[in-house]
Amino acid sequence: MSDPVPGPPLWLLLELTYRCPLHCVFCYNPTDFGGIGRELETAEWLRVLAQARELGSVQLGLSGGEPLVRDDLETIVAAARGLGFYTNLITSGVGLTETRLCALKEAGLDHIQLSFQDSTRRLNDFLSSTRTFELKSRVAALIRKHRYPMVLNVVLHRLNIDHVEEILGMAERLGADYVELANTQYYGWAWRNRAQLLPSREQLRRAEEATARFRERVGTRMRVFFVVPDYFETRPKPCMSGLGRVFLGIAPDGVALPCQSARMLPGMSFPSVREASLRSIWYDSPAFNRFRGEGWMKEPCRSCPERGRDFGGCRCQAYLLTGDAANADPVCALSPHHHLVTEAVAGAGRSAAEPPAAAPLAFRDHRGGASRE
Amino acid sequence: MAIFDTAARPAIGGGFRLQWEPAQAAHVLLYPEGMVRLNQSAAAILTRCDGARTVADIIADLERTYSAAGLSSDVCDFVTFAIERTWLELLP
């Protein structure tokens, strides 16, 4: 499966800013984002778009942080659409007034994905450390009014996974077409809060049952994607479809990444779009070539018949759990480190009935969460 | 079994966009956070689904363009497949 010449970066994700009015405890952004350099300016983002399109990028994610914090979002969308990108806005909804929604539609925005934290105001507002529940409901109504497909994303974890039935009911009332129940992936802030966020196997089972009952009732009227938390699997996810194969992410300061979380991998020097062309970054930079192909793999991946399917799993997870990004993702039952995952899951099982744990939750903020601990 | 009449006028479904991608040397169908790369026959059909032509028009055009006969059932099968995936919708 190793291809000598990489294909184009079909998926371009621009993390326009790390600024965000929310303080979600499960955010995958870096915990030290407060110390990261100044954001790209409008003209720099437009140059990135043009260069990426020339390389063959076609799906564009506009994310962050909260992308609506940038007052040039409409300009960026218009330029992207003009170049032929399919434009996806990934937002908390905060800042999405009707005026801005009309302007974004006018600019050619194709799609909006709106996130909720929970079906209850109490938990939505607690998890995001804001009062945003009603606002999100209003934004959902606006999205429908302007004839966008209604796509909701709810990140699941131990504190809200027992509410899956209510969350799906809320989505139905809001008129959602698609709902993504995305179990937390443990990077960034979520990694820091893992002990409090990892659900028990029993919680996961009940949530899957509730989802199945809901699907049976609503049929094709509303599509529900349930993304299983990989800690409960015995084979790793084919993370990013393999690093450097289809995904290109640009961080707010212009650093190019083969995965949104890769920034914390040690010994890697990620190039900046301020200093190099996207073409040289994608094809020639050591950072993007480091985990291409199979040459970097260790056992058990190196000789594994499944290596072409999952690419050894997630490099960031391998690093976070084992200290070496070239190891097999410990989610894999064939990894000698798999016990690190099963022990974490077993630990979650023991404490599932208890109230949120002894260690305080770290809420995402620019000071690294220190202010609330 | 076709789920429509050949007098129906298919159009690309809401939220989908059909375009030619030079980097992939293919037509693609784009949708929220996803993409389908189309083979030549799928692209030949979908590029003709403009909401103005009927399925019968499209079949006749394809048979003329490719100097072929008897394409009707293949085209109807694909249009059915595409409607089921909401790639296409039928205009009244």
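What percentage of the 373 residues of chain A count as buried? After that, please describe the place where chain B and chain A touch.

Guide: The model is a predicted one. Of the 373 residues of chain A, 57% count as buried. Chain A contains 14 helices and nine strands. Along its principal axes, the C-alpha trace of chain A spans about 50 × 50 × 45 Å. Among contacts in chain A between residues at least 6 apart in sequence, 73% join residues that are at least 24 apart.

Let us now turn to the interface. Chain A contributes 16 residues to the contact, and chain B contributes 14 residues. Between them the two chains bury about 1,200 Å², with 54% of this area on carbon and sulfur atoms. On the side of chain B, the residues that lose the most area to chain A are R17(B), P32(B) and E33(B), which together account for 49% of what that side buries.

Polar and charged groups also meet here. Between chain B and chain A, 10 residue pairs are in polar contact. The side of chain B that touches chain A draws at least two residues from each of β2 (17–21), β3 (26–31) and β4 (34–37). By type, the residues of that side are six nonpolar, four polar and four charged. Two salt bridges are found across the interface. R53(A) forms a salt bridge with E21(B), and their closest N and O atoms are 2.7 Å apart.

Methods. Residues are numbered from 1 along each chain as its sequence is written. Chains are lettered from A and ligands numbered from 1 in the order in which they are written. This is a predicted model: local features need pLDDT of at least 70, side-chain atom pairs count only at pLDDT 80 or more; totals for chains, interfaces and linings use all residues. Side-chain values use heavy atoms; hydrogens and water are left out. Contact means heavy atoms within 4.5 Å. Buried area is the accessible area (1.4 Å probe) that two parts lose on being put together, summed over both. A salt bridge is a side-chain nitrogen of Lys or Arg within 4 Å of a carboxyl oxygen of Asp or Glu. A polar contact is a pair of N or O atoms within 3.5 Å; within protein, one must be able to donate a hydrogen and the other to accept it, and residues adjacent in sequence count only if both atoms are side-chain atoms. Helices (H or I, at least four residues) and strands (E, at least two) are DSSP runs, numbered from the N terminus. Ala, Val, Leu, Ile, Met, Phe, Trp, Tyr, Cys and Pro count as nonpolar, Asp, Glu, Lys and Arg as charged, and the others, Gly among them, as polar. Buried means under 20% relative accessible area, exposed over 50%, partly exposed in between (1.4 Å probe, protein chains only).
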